[in-house]
Structure formats: C-alpha cells, structure tokens
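I opened this model to look up two things.

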Amino acid sequence: MFQFKKLHVMALAAFLFTFVGIIGTNSEIHASNSDQFVKSPIPEVIKKYVNSISDKDWDSYVNLYSPDNRLTDFPGEEQQKNRTGILSVDSIEISEIKEISEKDINEIQPYFSDIDRGLYQDIKYFYIGLDYNVQNENEFFYNGVRYQTFAVGKLNGVEYILGNEFVYNFDKLETLGYTFDSAAEHEAIIREERRLGANDNPLNNGGIQPRSAINSKIALPFYITATGPLKVLVLTIQKMHTLKNYIPVG
C-alpha cells in the first residue's frame with residue numbers, strides 16, 4: 001500500500017511539474033488592482049480611451065479618435081446637464097480582449113472596410129469586453145460587460161482609434177472562433193437576443209437584474225493574437241445560477 005501511494009504521489013508531482021512548465025513557457029498573466037486579469041499588451045490608445053471615460057476627460061477622449069473620425073462640439077451642454085450617452089458612465093474597465101485578423105474583420109465588422117488603409121499604418125482590430133458602471137442604463141450603456149469591436153492604427157507615428165462599434169450579433173465571432181465563452185459574454189448575447197424579441201418571456205416582469213446574479217466568478221480574461229499560437233492559458237472558475245436566474249433583460 002505504501003509503495004502504491006508513493007508511486008501515485010510521484011506521478012502527480014511529475015504531471016504538475018510538466019503542467020507548470022508548459023504554463024511558464026507559453027503564458028504571462030497579469031493582475032490589475034480590480035481583481036480583473038488581462039494578458040498584455042493592450043494597445044495604449046485603448047488604455048487611454050478607458051481612462052478618459054473614467055476620468056471624464058472629454059478633451060482627451062475626443063482626441064483619441066483619428067482626425068477624420070472625430071466628434072465636434074462634444075459634449076454638448078444638454079449632454080452634460082442630463083449625463084446622456086457615454087456621459088452616464090461612472091467607471092469602465094477592460095474585461096476581455098482578443099485581436100481579430102485582417103482576414104476576418106470584414107466578416108465580423110464590415111464598417112471597418114471604409115478605413116483608409118493607404119493613410120493609416122499598423123492597423124489592428126480588436127474584440128473587447130468593457131465592464132461598465134453607469135448612472136442611467138440604456139440600450140448602449142448598461143451595468144455589466146458590453147462588447148465592442150475596435151480598429152486602431154497610426155498616423156504620423158501617433159496611434160488613434162479609427163472606429164469602434166457595439167456588437168449586436170455574435171454569430172460571426174463565434175463561427176470564426178473569437179468568442180470568450182465567458183459568463184459575461186453569454187449574458188450579453190442573451191440580452192441582445194431578448195432586445196431583438198427572441199424571448200417573449202422576460203425575467204422579473206421585464207426588470208433588469210442588478211449587474212449579475214452570478215454567485216461568484218474568478219476569471220482570467222486574456223489577450224490572443226489572431227494569427228499566432230495560443231499564448232496564455234485561460235483559467236476560469238465560476239459558480240453561477242442557471243441562465244434564467246442570472247441573465248438581465250433590456
């Protein structure tokens with residue numbers, strides 16, 4: 001019996017040694033102050049975008065967009081008074097991010113085909129989950145993770161946001177292998193399906209549940225280059241109710 005236990009422990013140790021070695025070679029996970037985990041690098045312009053919204057620095061926010069895609073007279077007096085649109089956001093954090101290949105981007109986000117590829121250099125595309133806390137929920141900004149696609153590129157060496165769009169249909173992302181399969185993403189997918197009338201039996205008489213009724217979740221969202229090998233092991237430990245118990249409805 002003792003010999004069996006010894007062999008069992010040795011085998012387990014060998015497995016763990018190999019497993020840790022694989023992780024150490026291929027992944028690098030960083031933790032932020034908010035218990036969110038992301039794999040770097042994240043484009044600097046996306047970091048600045050998130051910070052400008054959290055800091056209510058609207059001059060910086062506007063100037064992060066490329067000159068041909070920049071808002072004018074923003075924010076307006078009425079927007080500031082009523083905190084409408086993005087001004088209703090109290091805080092925002094990056095939850096999940098993946099790079100989308102140039103080969104796939106036109107299927108996922110056709111609007112980006114209008115970007116002047118002769119003018120901008122180093123153009124890259126990203127699928128990003130942004131975790132919002134908002135004052136007033138609406139179709140575009142609500143409490144929880146909202147998914148968007150971003151195009152970023154450089155002009156005269158300066159990196160800009162060339163375009164960003166909310167994700168309403170996740171089918172192409174899923175077909176091409178870009179979805180995260182996270183609880184937050186499932187929640188967002190069902191929200192969009194219900195918003196478009198796919199479910200006529202809304203939860204709680206149509207009310208929106210506070211953020212999420214997931215009991216607990218420890219997630220390590222990740223960064224993956226679309227053209228390269230998997231660079232990071234993604235570990236998700238999550239304990240949740242059934243879908244009908246935790247998905248908010250709009």
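I started at L130, which touches Y49, V50, I92, E93, I94, G144, V145, R146, Q148 and F150, leaving out residues up to four places away in sequence. Contact here means heavy atoms within 4.5 Å. I noted that this is a predicted model, where local features need pLDDT of at least 70, side-chain atom pairs count only at pLDDT 80 or more, and totals for chains, interfaces and linings use all residues. Residues are numbered from 1 along each chain, and side-chain values use heavy atoms, without hydrogens and water.

Next I looked up the cores. A nonpolar core is a set of buried Ala, Val, Leu, Ile, Met, Phe, Trp, Tyr and Cys residues joined through side-chain atoms within 4.5 Å. Buried means under 20% relative accessible area, exposed over 50%, partly exposed in between (1.4 Å probe, protein chains only). The largest core has 28 residues, and Y49, Y61, I86 and L130 have the most contacts inside it. A second, separate core of 24 residues includes V145, L155, Y178 and A188.

Then I turned to charge. I found eight salt bridges, each a side-chain nitrogen of Lys or Arg within 4 Å of a carboxyl oxygen of Asp or Glu. E102 pairs with R117, their closest N and O atoms 3.8 Å apart. E102 is exposed at 53%, and R117 is partly exposed at 33%. D104 meets K103 at 3.0 Å, N to O. D104 is buried at 5%, whereas K103 is exposed at 68%.
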